[in-house]
Every structure is written in C-alpha cells, then in structure tokens.
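Please prepare a briefing on the structure shown below.

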Amino acid sequence: MLNILKKELKDSLRDRRTLLLTVLLPLILMSALIFFYENLLSSHEEETYEIVVQDAQFNLVQKLIAQNENLHLSVNDNIKEAIEEGKAVAGIILPSDFEKQLLDGATPLVQILNDTYSQNSVLATNLIEAAFMQYSQVIVKERLAKNNVDSSVLTPFTLEQVQIVEGDDSMMMIAFLVPLMLTIAVGIGISPAATDLIAGEKERRTMEALLMTPVNRSSLLSAKWLTMVIIASMTGIITLAIVFVEIQFFTETLKAGISFGNNAIPIAIVSLLVIISYSAIMASALMMTSILAKTVKEAQSYGTPITMIAMLPAMYMINVGMNELTYTHFTVPVMNIFTVFKELFLGIVNAEHIIITIASNLIVSLVIFIIGRILFLKDKWVLAK
Amino acid sequence: MIQIHEVTKQFKDKKKYVTALKHVSLNVQEGEVIGLLGENGAGKTTLLRSISTLIEPSSGTIHIAGYDTVQQSAEVKKRLGVLFGSETGLYDRLTARENLEYFASLYGLGKHETKVRIEKLAKMFGMRDYLDRRVSGFSKGMRQKVAIARTILHDPEIILFDEPTTGLDITSSNVFRQLVHQLKREGKTIIFSSHIVEEVTLLCDRVAMIHQGELVYEGTLEKLYEEEASTDLNYIFMSKLVQGGNEYA
C-alpha cells in the first residue's frame, strides 16, 4: 500500500493541473479576497470625494460641509453630466432661495444626485447627509429656542448598543471568509487528483493493469483515497498559510481584528485537524464520483457540485450568531467547518465542539468510503467499457 | 496448465443480457503457444479477461496451474502476465523505469531483483536510451515495448497477449514475434489473440477459433490443414465462419 501511495503522490504532483490548483489557485484566490475585504473594511478617512454644486450655492454648501475634510466641493452648472462623466461622485441641488425659505419656516427641498452602483458615491452621499442633518439640528434648535422650548424635548431617551461577543466586524468577516475559501480551495485542489486516480485510470486502461496484479482492491482503493486526503490537506494548509501570511504582513484592518494571544498554537493544531477531517470527507465524496464515472470528464461533471457544496452552509452560517450555535451546527459535516472556525477566530478552543466536528466528519467520510469500496469491488464500476 | 471448462459469460446491456461466451472449453498445456482467432467482437478479449481474473465467468470454471480464477485469484495473478491490445496501460507522467519499478513492487519483487530484471528487459527490447524518460513523449512502438516488458517483468509462467501487434510498425511487430519465440524456448505458456492469421501461423502450436462467443475449432495447425485440405489459414478461417453462420463471411 505504501508503494502505491508513493507512486500516486509522485504521479499526482507531477500533474500541472494538480500543482496549479493546489498551490497557485489558493494563492490567487486568497490574495484577491483578502485585499478586497481589507479595502472594504478599511476606514475611508483618507479618501476625498469630489462633490459638485451650482455656482450660486457654492458658498452656502461650502459653509455646511467645511468641517468634513473628505468632501471637496467644486462648481459645475450641469451636475448630472459631471457625475456621469466621472468628474464628481455626487452633486447637491438647492433651491436658489434656500436660506430665505428656512427663515420663513418653509421646508425647502435638498437633492443629492449620486450613483448608487458606486461605493464612493454612496459613501460621499452618507457624508453629505450627515452634514445636512447636523445643519438641520442647528436650525431646529434655533426654532425651538425662539419659541422658548428646550431642544432636549426631542431626545426623551438615549439608545446604546453593547456588543456582548468579542470581536469586531473585521474579525467576523474573517471568521466567515476563511472557512469559505478554505472549503472551496480544498474542493478545487483535490479535483484533478480525484478524477485522475480512478476515472482517469479507467479511461487510460491502467486500472486493468493494476487489477491484474496480486494487490487486493481494498489496498488499492485505500492508497488512492489516502493520496486524495494528503493532496486535499496540502491545499488546505497552503490556503490557511497564505491567509495568515498575507493578513500578517500585507493588511492593517484585518490584522488588527485577529488576536489569538496564547491560543495561537492550539488554534493552529486544531485548524490542521479540522482541515484533515474535511479533506477526508471531500476525498471520500470525490472518490465515489470518480468510481461512478467512466471518464475523467464525467467525473468532473459529478464532482464540481460537490466541490461547491460549502457555499450552502456558508450562506446559512453568515447569519448565525455565536450564542445561537447548537450541537447540530457542530455535527453537520461541512457546516461544522464554519462553526468551528468561527469559534477559533474568536479565540475560543472548545474541546467538545472540536471533537464532535472531527468525529462527525471522519464518520461520514468512513461511511462514504465503505460504500465506495463496495462499488470498487464490482467489475462494473472499475473496468472501462 | 490452463483448464477452461464450460465457460459462459453474459453482460447486461441496458435491460437485455448479451452472451459474450457460450460454453467455451479449452485446455492449454505447459509450454504451449495457442492462438485465438476471431473477428472483432467474437469473444476473444472476454475469454482472455476471464482467464486473467479481471472478470468472473457467469458459469463454468477456469483453472490456472490448478488454481481457480475466482476463488484463488491472488495465486492466479502471481502466475500471469497480461497485455491487452493497443491499450498499453502505462503512466504518462512516470518514466519507463518508474512504471516498471512500480509494477515490480506490486508483484512483490525485491529491489535488487527489480533492477536486474529491468536491465535485462531494457537490453532485450532496446529500451536503454529512453528508460529514464517520461512515457508521455513515447511513440506507440516504444510504449508497446515498455508494456510488454511490464507484462513479463515478474517472470510469469503464463502470458496472455490480446492483439499485441495492433498498431505496431513492422520492426516492433518483429521484436514481439522474436519475444514470443524466446518465451516459448523458456517454456512459458502463451495465449494470444489476433486477427492476423499469418502471425498465428508463425507463432502458434495450436489455434482456437471463436465465433459469436462459441469455440468453432480447436486443434493443431497440421490437423486443421489436413481437415480443410488447404494450408491457406485465411481461407480456412473464412470457411469456418461460414460454417458458424456468419452471413457476411
């Protein structure tokens, strides 16, 4: 079995597709996502947004937004065109008698022209709205004072949000993002080997040569399965390593969100075990599709939905809070990867949850492997037509 | 050495059963070279696959050196070397040597023995120049030589070749024919299927003709020539097919 394993690993690792999907794909995928989320989560304090206003209102608007350094005002009489041409991200239109209407107690209309498909335009709009809301409160206070009413009547109580779970938005995002990318990368990374090791051997007729040797089919299948687990685990470990190296050295916001403290080593070990258990499930599932398929192409068609299966629990888990997690979340394979990593990223190492997760994954993997073995012992599934 | 008794093989194709072999019985003595003749789809490959333990007969038995191919397949496999047609069954990303070493390990050969056997076979087939090159760049002839080397690497007592010269050039075909002669001199038992009657005439002690899954003739070439009053094996083969009811013959 060791000889078969050594040969399968050598053969698989000489395959350019395997190397590409095991190393290069996680590198590209992870880098792109990390920098995308870093940019998304970073405060936009240093950004300056170009705002346009008609000449007549320039001084008034300049006075209102003067305190906000992120907004730069310029004059353009055709505001819509200026935004469409990309000269500005937003524009403000005020009635020509705006100040007079305020003095008369009327309700003048303030229009903010923007492009909601542009993140910069939306952020600029938020800043403009905040500036006008502030001005609105000043006017309300003045009007109340004129009528001898204290402005505190408008705020009968104050609301405060207190976060009871540690971790900020960036941490939550990482806790969701990393297992999602990890599961997808493992699925994609293992695919070439999984399809090639069984369906490929059937298609090339090397399987017949193997079956005519005195090695029994169970040993043959076990060695192939183990090869898949090793390659999948390698992809997972490389993916996780890339995530941590890039977060550590190339990001600020995401880096600030991660602090494992004294738990760093246990978390690394647990992550490794969880990856291996997930790799075992993927190896069994893709081994099964490879047995059922007669050609590599057919195996790829069956396997692709399985490699993407992680998307489903990911979508569900994004809305589940830490206090809502139950044993079910740790028992259901694939979903439990998200729950365990959610805990790990918050620095929680719960032995019971980790054992349930790993045991559940290994049991499911074993059951699928046993079914695969039953099929592999039948000529119909191992011989090419 | 090989006892095939009343072997029938049926395959399920969609909802119908197709009979590929019908009550085939054949005995092959030790050191004998027997040629299987038949058209494409006659059942030659199914018979060789059954002998090689790759598929189980639906009924009947096959014994190799006294071992049942179904009940004692591991013992049978140790004694067999099999090559199926133009499908060389080699790993493209491995070198010729790595392919041979891998199969040697599966047959339980030790490191030293493997090295000696590979050197011997490399010399025999003129493979030394490309032994350490990856198979992916090999011509069909080079692949076939490596595949034949892999087939006899563990020095099996019985060798099955299924249309081994299909797609080979004249030089490679001659190398194969010389190999069969040499293996025969070494006392190996060989069954090979072919639809090239001249090849069978040159190499075989006996012939077995299969038509639509049935064994229509089995015997020595001399006996066959005498019975048919002709030494033209092509003619005899066609006449046997007519007797077997082939409307296109």
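Gln212(B) lies in the loop between strand E9 (206-211) and strand E10 (214-220) of chain B; helices (H or I, at least four residues) and strands (E, at least two) are DSSP runs, numbered from the N terminus. The model is predicted: local features need pLDDT of at least 70 and side-chain atom pairs count only at pLDDT 80 or more, while totals for chains, interfaces and linings use all residues. Residues are numbered from 1 along each chain as its sequence is written, and chains are lettered from A and ligands numbered from 1 in the order in which they are written.

**Positive phi values**

- Most residues other than glycine have a negative phi.
- Gln212(B), although not a glycine, has a positive phi of about 50 degrees.
- With 18 other C-beta atoms within 10 Å, Gln212(B) is partly exposed; a residue is buried if 20 or more other C-beta atoms lie within 10 Å of its own, exposed if 12 or fewer, and partly exposed in between, with C-beta atoms placed from the backbone.
- Arg205(A), in the loop between H7 and H8 of chain A, has a positive phi near 70 degrees and is likewise not a glycine.
- Arg205(A) counts as partly exposed because it has 18 C-beta neighbours inside 10 Å.

**An enclosed helix in chain B**

- Helix H1 (residues 44-51) of chain B has eight of its eight residues buried, so it is largely enclosed by the rest of the structure.
- Among the buried residues of H1(B) are Lys44(B), Arg49(B) and Ile51(B).

**Packing of H1(A) and H9(A)**

- H1(A) and helix H9 (residues 217-250) of chain A pack at an angle of about 45 degrees, their axes 9 Å apart; axes are lines fitted to C-alpha atoms, for helices over the stretch in contact, and angles run from 0 to 180 degrees between N-to-C directions.
- H1(A) and H9(A) are therefore oblique to each other; angles under 35 degrees count as roughly parallel, over 145 as roughly antiparallel, 65 to 115 as roughly perpendicular and the rest as oblique.
- Residues of H1(A) including Ile4(A), Leu5(A) and Leu9(A) meet residues of H9(A) including Leu220(A), Ile230(A) and Ile231(A).

**Around Asp15(A)**

- Asp15(A) is located in the loop between H1 and helix H2 (16-41) of chain A.
- Not counting residues up to four places away in sequence, Asp15(A) touches Pro192(A), Asp196(A) and Arg93(B); two residues are in contact if their C-beta atoms, placed from the backbone, lie within 7 Å.
- Asp15(A) and Ala193(A) are 178 residues apart in sequence, yet 8.5 Å apart in space, C-alpha to C-alpha.

**Nonpolar cores**

- The largest nonpolar core has 143 residues, and those touching the most other members include Ile190(A), Met282(A) and Leu160(B); such a core is a set of buried Ala, Val, Leu, Ile, Met, Phe, Trp, Tyr and Cys residues joined through C-beta atoms within 7 Å.
- Helix H7 (residues 169-204) of chain A gives the most to this core, with 19 residues.
- A second, separate core of 18 residues includes Val53(A) and Ile92(A).

**Contact between the chains**

- Chain A supplies 16 residues and chain B 22 residues to the contact.
- On the side of chain A that touches chain B, the largest share, four residues, comes from H8(A).
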